[in-house]
Amino acid sequence: DRDETEIAPDPAPSESTTDKATERIPLASVRGGRQLGNLVHDVFENLLCTGRFRGADRGEVQAAVEQEMTKGLPLNNLDSALQGTLTDSMTDWLTGAVRADEFEIRLVDLPPNDLACEMPFLLSVADSQHDADLTEIEDALQLSKRAAVRNYAHRMGNLKRSRLRGFLVGFIDLVFCAEGRWYVLDYKTNHLGATFGDYATAKLEASMAQHDYILQYHLYALALDLFLQQRIPDYDYERDFGGAIYFFVRGYQADSAQSTGIYFDRPTREVIDSLE
């Protein structure tokens with residue numbers, strides 16, 4: 001799911017202000033689309049999966065990102081003039097602290113033995129003659145403790161039943177273990193607006209519902225839960241499953257304690273059991 005074009009009008013740059021919410025994001029004028037999404041995903045995958053940059057300083061990571069941009073921009077038919085801006089931004093995304101739940105971590109510091117990039121999964125949804133019962137999925141999501149998820153559940157009636165038949169095949173951008181718990185992480189390049197305030201929690205929740213990302217991460221969580229049941233002795237969801245992180249990279253602030261650009265949820269055991 002890399003076709004993430006979502007264009008918002010760029011307001012005129014505001015005059016000097018100390019309000020982070022109204023500060024213009026570095027990629028405010030960079031349009032989205034499949035090409036940008038592909039490039040960002042490829043750079044993340046190429047630099048994270050080997051673990052080569054664990055403990056590396058910003059300069060080392062930036063040099064590696066620049067090399068990736070030199071190759072990736074023409075391959076994705078993107079303007080080479082974007083190289084400087086994208087290199088700086090991607091370096092921030094890789095070396096800044098990603099905060100979710102009760103931990104924070106630099107993505108480049110994730111141990112390669114405890115992560116998987118583009119992790120494939122296969123879920124049996126319904127047989128070839130029958131569709132999944134969308135009302136049961138709605139009922140499962142209604143069990144969530146998060147109001148945004150319960151509100152989203154009503155959208156199940158708008159989904160085409162033919163999309164949930166047979167086997168559901170997908171790829172999770174990143175699966176990793178941190179502080180003893182396993183997480184799914186999805187990178188999003190959506191353009192939600194020109195300021196950091198456009199990537200605050202309420203705005204992210206609206207986008208998560210609009211694009212059906214809420215359903216997406218619940219299916220990711222279910223797939224990972226089923227996988228971990230097979231791989232971890234005495235697996236326990238409450239102890240071992242950390243949650244789902246959606247990283248809206250455009251709105252991330254590497255030098256701020258604010259959590260703009262990060263959507264996090266940890267579905268309850270009750271929700272996952274109901275989906276299963």
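Me: Which strand gives the most to the nonpolar patch?
Reply: Strand β4 (residues 166-178) does, with three residues. Strands here are DSSP runs of E with at least two residues, numbered from the N terminus. The model is predicted, so local features need pLDDT of at least 70 and side-chain atom pairs pLDDT 80 or more, while totals for chains, interfaces and linings use all residues. Residues are numbered from 1 along each chain as its sequence is written, and side-chain values use heavy atoms, leaving out hydrogens and water.

Me: What makes up the nonpolar patch on the surface?
Reply: Leu122, Phe167, Val169 and Phe171 form the patch, and together they have about 460 Å² of accessible area (Shrake-Rupley method, 1.4 Å probe, only the protein chains shown count as cover).

Me: Why is Phe167 called exposed?
Reply: Phe167, in strand β4, has a relative accessible area of 58%. Exposed means over 50%, buried under 20%, and partly exposed in between, so Phe167 counts as exposed.

Me: How do you know that Phe176 is buried?
Reply: Phe176 has a relative accessible area of 1%, and is therefore buried. Tyr183 counts as buried too, at 2% relative accessibility.

Me: Why is the pair of Phe176 and Tyr183 called stacked?
Reply: The ring centres of Phe176 and Tyr183 are 5.4 Å apart and the planes lie at 15°. Rings of Phe, Tyr and Trp (its six-membered ring) pair if their centres lie within 6.5 Å; planes under 30 degrees apart count as stacked, over 60 as edge-to-face and the rest as tilted. Therefore the pair of Phe176 and Tyr183 is stacked.

Me: What makes the pair of Phe103 and Phe176 edge-to-face?
Reply: Its planes are at 70°, with 6.4 Å centre to centre. This pair links distant parts of the chain: Phe103 is in strand β2 (residues 103-106) and Phe176 in strand β4, 73 residues apart. Phe103, Phe176, Tyr183 and Phe264 form one aromatic cluster.

Me: How do you know that β4 and strand β5 pair?
Reply: Five bridges join β4 to strand β5 (residues 181-188) in the antiparallel sense, and strands pair if DSSP finds at least two bridges between them. Cys177 stands opposite Trp182 in β5. In the hairpin of β4 and β5, with two residues between the strands, Glu179 takes a positive phi near 50°.

Note on methods
Patch = residues over 30% accessible without salt bridge, like charges linked within 9 Å, V, L, I, M, F, W, Y side chains within 5 Å. Salt bridge = Lys/Arg side-chain N within 4 Å of Asp/Glu carboxyl O. Helix = DSSP H or I, 4+ residues; strand = E, 2+ residues; numbered from the N terminus. Buried < 20%, exposed > 50% of the residue type's maximum accessible area, 1.4 Å probe, protein only.
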